[in-house]
Structure formats: structure tokens, C-alpha cells
Amino acid sequence: ISRRLRLFAFRQQPHERRMTLDRYLSFIEPEYVETLREFRAVHAQKNQLLKAEQRPDLADWNGLFAQKCYTIGVYRSDLIAALNPLLSQVHQRLVGRESALRLVYLPSLTGSVEAMRERLAAVETQEVRSRFALFGVHRDDVQLVDGDGRHGEQFSQGEFRLALLALKLAMSEYLAGRELSRPVLIFDDVFSELDQTVQSSPVPL
């Protein structure tokens, strides 16, 4: 896939942003891979019940579904909280000025496991009508947000490229700080569409 298509996918598609977060977490936390696998199995079973309109069995599966969503949400939230200070620092070094760039996690289910179960019970009719799960970590999003509250889709092309570069570099620093292998980052034409000030500034590669 081309660089431009990858950039577009991360900018426009929540699925790609979730996948990016899941890839990082799978490398950092081996247990996360198993939790994600278990969630996908429960999710698939729940969708089968919804398609068959087997409402009596949904409560038990929603309980499992909520447990997996809660665990995955904690993993994702903890990673973002740890990553954001580094992300802001790296972005500041890149742009040469104070930066408040951060990742914001936007879960579709919030609260405790019990709160999630209650929410799923409340939308049961809606989900049965749709015949698939409308809420859960498969519907979560994560956005790059700047100090003015603009999210990635509102950035210029150059701003977004710079924000995504900062994210990759921040994650590299985070992995190194956890005494894990620092990934090899390969950039193709990294300075295209960036303004002259950024192109001439020292870049922490």
C-alpha cells in the first residue's frame, strides 16, 4: 500500500487508528493479544445471536462482552496516558514551539463492567434490529488532537504528517524506556508537505 493511502487511512478511518493502537499494545503487553482474541470470539458469538434474534441468551454474552471491553479499554487508556507526555515533547521538538498535541481515546462504552452491561441491555432492541453489535471496543476511536481542540481530520496535510511522525517517534521512545526493542522506523520523503521552518529544524530521528 502506498504512503499516501496509509496516511489517508489513518486520518479518515477509525478502524485503522484502532489497529495502530492494538499493534503497539500487542507488542508491549503480551496478555493483550489473548484478551483481544477472546473479545473477537465473544463478539462473533454475540453477532450470531443478534442475527438469529435469540434475545434470551444475549444477557449472558453481554456480560462476557462487557468484561472484555472493560479490560481492553483499560489497556488502551493506560497506554495513551503514558504516551501523551512524550507525544507532546516530541511534537514540540519538531515544530520548535510549545505543543499540546495528544491522543484522545473515544470509547463507545464507558464506566464499570456493570455500567457497560446496563448500557448493552438498554440498547438490546436497537442491536437486534441492526443484527450486529453497535457498541463495544470494536467501535472505539482514538484521535490526534492539538491544543486548540482540533482533531486530525481538521489538520492540514502537512500538520497531519507532522503529528503522525511525532506519534511514531514518541512510541519509539516509549518502547525504549520500557527496555523493549526500539523499532526501526523507515520514512519515505518524510519532509514533503512540511513548511520550511520545520524542514530546517533539528529533527529527533
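This is a predicted model: local features need pLDDT of at least 70, side-chain atom pairs count only at pLDDT 80 or more; totals for chains, interfaces and linings use all residues.
Residues are numbered from 1 along each chain as its sequence is written, and side-chain values use heavy atoms, with hydrogens and water left out.

The protein has eight helices and two strands. Here helices (H or I, at least four residues) and strands (E, at least two) are DSSP runs, numbered from the N terminus. Reading from that end, the order of elements is α-α-α-α-β-α-α-β-α-α. Out of 205 residues, 43% count as buried, where buried means under 20% relative accessible area, exposed over 50%, and partly exposed in between (1.4 Å probe, protein chains only). As for contacts (heavy atoms within 4.5 Å), 71% of those between residues at least 6 apart in sequence join residues at least 24 apart.

A cavity is a set of points, on a 1 Å grid over the protein atoms alone, where a 1.4 Å probe fits but cannot get out; its lining residues have an atom within 4 Å of a point. Grid points are joined across faces, edges and corners, and a volume is the space filled by probe spheres set on the points. Counted like this, there are two cavities of 30 Å³ or more.

The largest cavity has a volume of about 60 Å³. Its lining is made up of F10, R17, T20, L21, Y24, L83, L103, V142, L167 and M171. By type, the lining has eight nonpolar residues, one polar and one charged. In this sorting, Ala, Val, Leu, Ile, Met, Phe, Trp, Tyr, Cys and Pro count as nonpolar, Asp, Glu, Lys and Arg as charged, and the others, Gly among them, as polar.

The second largest cavity holds about 30 Å³ of space. Around it sit F10, R11, R17, Q143, L144, G152 and F160. This lining splits into three nonpolar, two polar and two charged residues.

Next come the charged side chains. Salt bridges, each a side-chain nitrogen of Lys or Arg within 4 Å of a carboxyl oxygen of Asp or Glu, number eleven in the model. One of them links R76 and D140, at 3.3 Å from N to O. R76 belongs to helix α4 (residues 58-95) and D140 to the loop between α6 (124-130) and β2, so this pair ties together parts that are 64 residues apart in sequence. Both ends are tucked away: R76 is buried at 3% relative accessibility, and D140 is buried with a relative accessible area of 2%. Through shared partners, salt bridges join D22, R76 and D140 into one network.

R18, in helix α2, touches both R76 and D140, along with V137, H138 and R139, leaving aside residues up to four places away in sequence. R18 is buried yet has no salt bridge; D141, the nearest side chain of opposite charge, is 5.8 Å away. For charge, Lys and Arg count as positive and Asp and Glu as negative, with His and the chain ends not counted.

E34 pairs with R37, their closest N and O atoms being 2.5 Å apart. The two are three residues apart in helix α3 (residues 30-52), which means that about one helical turn separates them. E34 is partly exposed, with a relative accessible area of 35%, and R37 is also partly exposed, at 47%. R23 meets E16 in a further salt bridge (3.6 Å, N to O), and R23 is partly exposed, with a relative accessible area of 45%.

Finally, a word on helix α4, which also contains A81. A81 is exposed, with a relative accessible area of 51%. A81 and R102 are 21 residues apart in sequence, and their C-alpha atoms are 9.3 Å apart in space.

Notes: On a 1 Å grid over the protein atoms alone, a cavity is a set of points where a 1.4 Å probe fits but cannot get out, and a pocket is an open set with protein on both sides within 12 Å along at least five of seven lines; lining residues have an atom within 4 Å of a point.
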